[in-house]
Amino acid sequence: MTTHVPPPERRKFLYIILGSVGAAFTALAVWPIWRYLLPGEKTGEDAKIPIARVDIQLGKAHFFNFRGQPAVVLQPSPGQFIAFSAVCTHLGCIIQWQPEKGEFLCPCHAGRFGTDGRVLGGPPPKPLDSLPATVVGDQVLVG
Amino acid sequence: MNVKKSVVNFIDTRLGIRDILEQNLTKYLLPRNVNVWYTLGAVLLTLFMIQFATGILLLIHYVPNPAEAFQSVEKIMNEVPFGWLLRTLHAVGANIIVIALLLHMLSVMFMASYKRPRELTWLSGFIILNLTFVLCLTGYLLPWSQLSFWATTVATDAAGAIPVIGDDLVRFLRGGSMVNEDTLGRFFALHVMGIPLLLGLLIGFHLFCVRRVGVSTPPFGPDYLPRELPDHFEHEEHHGGIPFFPNYVIKDTAVIFFFLAFFLAIVFFAQNLFFPESAFEPADPFVTPPGIKPEWYFLWAYQTLKIFPSELIGLGVQGAFMTFLALLPFIDRGTERRPFKRPLFMTCFVLGILLFVAISIWGHYS
């Protein structure tokens with residue numbers, strides 16, 4: 001009895017078909033995996049964050065959570081409120097308020113920032129990200 | 001016929017196991033002057049197995065959730081019987097593995113064993129070293145302590161210096177703009193499954209390369225001469241050498257026990273050596289503890305970022321150095337392997353080690 005061996009063209013055709021289907025399935029699988037791994041869009045990304053005015057004392061800093069990131073709001077003079085991201089622009093550590101010096105200090109590499117967010121010294125490459133702050137009644141709205 | 005012999009006979013009849021053992025143990029010959037540095041591979045294999053076993057056991061009580069992670073580690077340390085031992089073995093073991101990996105790499109460089117035909121062995125070993133660093137970094141976050149949180153923040157933030165994609169890359173690594181529960185999820189998945197799987201495959205490939213190409217002859221002694229290599233594949237034979245089993249296995253075992261003694265001495269007598277104070281406080285995303293530093297093996301990279309005026313230059317220097325190391329066998333192509341006949345390489349080698357130590361010490365005290 002002889003065994004029928006299919007011609008090589010048929011095998012080549014099968015390789016191409018199976019290879020193409022495999023590549024298509026791989027490509028189809030990559031997209032959902034990529035989307036799964038991408039950071040999700042948080043709801044309330046544009047919402048303003050309310051902070052009670054009484055919590056922000058004159059000459060002191062109040063730290064709060066701004067859309068998942070630490071932020072700080074100050075009252076440098078009566079009725080004036082300014083807010084910044086509390087994330088140091090050098091390596092992402094959280095700045096600390098130095099009440100006796102009236103400036104911010106990053107504990108990681110001693111970066112210093114003024115009450116207007118400007119870099120006063122150390123390695124930070126740019127000022128703190130400024131956040132809009134408006135007074136509405138007895139609240140300060142940040143964002 | 002006793003039971004043991006009949007079991008071996010049963011398996012041998014079906015799988016030819018005696019032949020495999022003979023070819024790979026008693027008839028597998030190694031150079032007669034093989035030295036103690038050659039045993040570091042077996043040491044590393046043992047240490048990786050200890051990490052794997054202790055890691056699985058820690059998973060029984062660890063909870064990968066920011067609200068419970070720190071408490072679950074505290075529970076392992078204080079309440080679960082011998083939990084402190086397993087956790088300390090795992091944490092200290094990671095450091096011992098890095099020490100053994102660096103020694104292994106340095107000894108291979110000193111004896112120029114990376115040279116043709118062992119380029120793939122070197123390359124796979126280099127990737128194993130880097131994957132181990134990723135494994136250490138991802139594992140560092142899991143206890144969700146102040147140290148974990150801020151060391152991860154600083155480490156992931158460094159990627160932001162890459163032009164164009166930097167910010168997106170940091171967000172992707174963290175799963176958000178800051179280190180948060182999504183970062184913990186990602187790092188946990190990578191630490192317990194993704195990287196160990198990849199590492200297992202690479203270790204398998206590395207061992208295959210070692211066995212297939214053959215162990216290199218130590219480039220010492222009056223009889224050593226650089227080997228002329230043919231254009232085709234050739235297994236390096238060592239006629240008249242010592243058998244892998246029992247002669248070499250005994251040597252391996254002795255060095256493994258030496259490392260285990262060193263390892264256990266730290267576990268029992270200096271277990272806080274690798275745990276600064278901030279490792280015992282739960283993570284607080286609003287308060288960065290002062291003097292946060294990465295682990296000792298990342299200090300050189302941390303300090304390099306600080307030395308240069310721009311982080312991008314610092315990252316570029318690190319990238320160039322790591323690429324040079326990865327491609328070393330393709331750059332250093334001469335056949336000479338004797339250390340004292342390679343003065344330029346040896347000078348760079350010694351200066352490189354001194355520079356690594358000096359920058360690390362500088363990083364620690366800066």
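Author: Happy to. Keep in mind that this is a predicted model. Let's start with strand 10 (residues 133–136) and strand 11 (residues 139–142) of chain A, which run antiparallel and are joined by four bridges.

Reader: What makes strand 10 and strand 11 of chain A a pair?

Author: Two strands pair if there are at least two bridges between them. Strand 10 and strand 11 of chain A have four bridges, so they pass that test.

Reader: What makes strand 3 and strand 4 of chain A a pair?

Author: The bridge count again. Strand 3 (residues 69–74) and strand 4 (residues 82–85) of chain A are antiparallel, with four bridges between them, and the cut-off is at least two. A:L74, for instance, has A:I82 in strand 4 as its bridge partner.

Reader: Which strands make up the open sheet in chain A, and in what order?

Author: Four strands, in the order 2-3-4-9, with antiparallel pairing.

Reader: Why do strand 2 and strand 9 of chain A stand at the edges?

Author: Strand 2 (61–66) and strand 9 (130–131) each have a single partner strand, so one side of each is left without a neighbour in the sheet.

Reader: How many helices and strands does chain A have?

Author: One helix and eleven strands. Along the sequence, the pattern opens with α and goes on with β.

Reader: How many residues of chain A are in contact with chain B?

Author: 14 residues of chain A, which meet 21 residues of chain B. The chain A side divides into ten nonpolar, four polar and no charged.

Reader: Why are helix 5 and helix 10 of chain B called oblique to each other?

Author: The axes of helix 5 (residues 83–110) and helix 10 (residues 244–269) of chain B cross at roughly 135° and come within 10 Å. Perpendicular stops at 115 degrees and antiparallel needs over 145, so an angle between those counts as oblique. Helix 5 and helix 10 of chain B are therefore oblique, and their crossing is right-handed. Their contact has eight nonpolar, two polar and no charged residues.

Notes
Residues are numbered from 1 along each chain as its sequence is written. Chains are lettered from A and ligands numbered from 1 in the order in which they are written. This is a predicted model: local features need pLDDT of at least 70, side-chain atom pairs count only at pLDDT 80 or more; totals for chains, interfaces and linings use all residues. Helices (H or I, at least four residues) and strands (E, at least two) are DSSP runs, numbered from the N terminus. Two residues are in contact if their C-beta atoms, placed from the backbone, lie within 7 Å. Ala, Val, Leu, Ile, Met, Phe, Trp, Tyr, Cys and Pro count as nonpolar, Asp, Glu, Lys and Arg as charged, and the others, Gly among them, as polar. Axes are lines fitted to C-alpha atoms, for helices over the stretch in contact, and angles run from 0 to 180 degrees between N-to-C directions. Angles under 35 degrees count as roughly parallel, over 145 as roughly antiparallel, 65 to 115 as roughly perpendicular and the rest as oblique. A crossing is left-handed if the near helix is turned anticlockwise from the far one by less than a right angle, and right-handed if clockwise.
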